[in-house]
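Hi there,

Here is the structure I promised to pass on. Please have a look at it first, and then read my notes below.

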Amino acid sequence: MKASMKIGDLYKCTWKRTWVLNQPQSEDWSGAVCLYLGPETVYRADGYKVINHRFLVNGKERVVDKTMLRYMKKIG
């Protein structure tokens, strides 16, 4: 996680969407303003701890893994 990410911060997504065959969702993160809602920890059955991140994007809550954080540019 970016050290400065705080719940309630606004980010602009710089990710350029490419169409994915298995994801026909119409949401487009490209250029979207995203509200950071905080981390979400998942404990798998094998005991491994996964830390994902929740954002409000285009009016919908979305959960992403840490690889998406590199595309988030803090606003302000």
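Lys12 sits opposite Lys73 of strand S5. Their surroundings are an antiparallel pairing of S1 (residues 10-13) with S5 that runs over three bridges. Please keep in mind that this is a predicted model.

These strands belong to an open, antiparallel sheet of five, in the order S4-S3-S2-S1-S5. S4 (60-64) and S5 (72-74) form its edges, each pairing on one side only. On average, neighbouring strands are turned by 45 degrees against each other, direction ignored.

Now to the charged side chains: the whole structure has four salt bridges. One of them joins Asp9 and Lys74, at 3.4 Å from N to O. Asp9 is in the segment before S1 and Lys74 is in strand S5, so this contact ties together parts 65 residues apart in sequence. Asp9 counts as buried because its relative accessibility is 14%, under the 20% cut-off. Lys74, at 42%, counts as partly exposed.

As for accessibility, Arg54 is partly exposed at 21%, Glu40 is partly exposed at 30%, and Glu61 is partly exposed at 44%.

Best wishes

Methods
Residues numbered from 1 in each chain as written. Predicted model: local features only at pLDDT ≥ 70, side-chain atom pairs only at ≥ 80, totals over all residues. Heavy atoms only, no water. Pairing = 2+ DSSP bridges. Helix = DSSP H or I, 4+ residues; strand = E, 2+ residues; numbered from the N terminus. Axes fitted to C-alpha atoms, helices over the stretch in contact; angles between N-to-C directions. Buried < 20%, exposed > 50% of the residue type's maximum accessible area, 1.4 Å probe, protein only.
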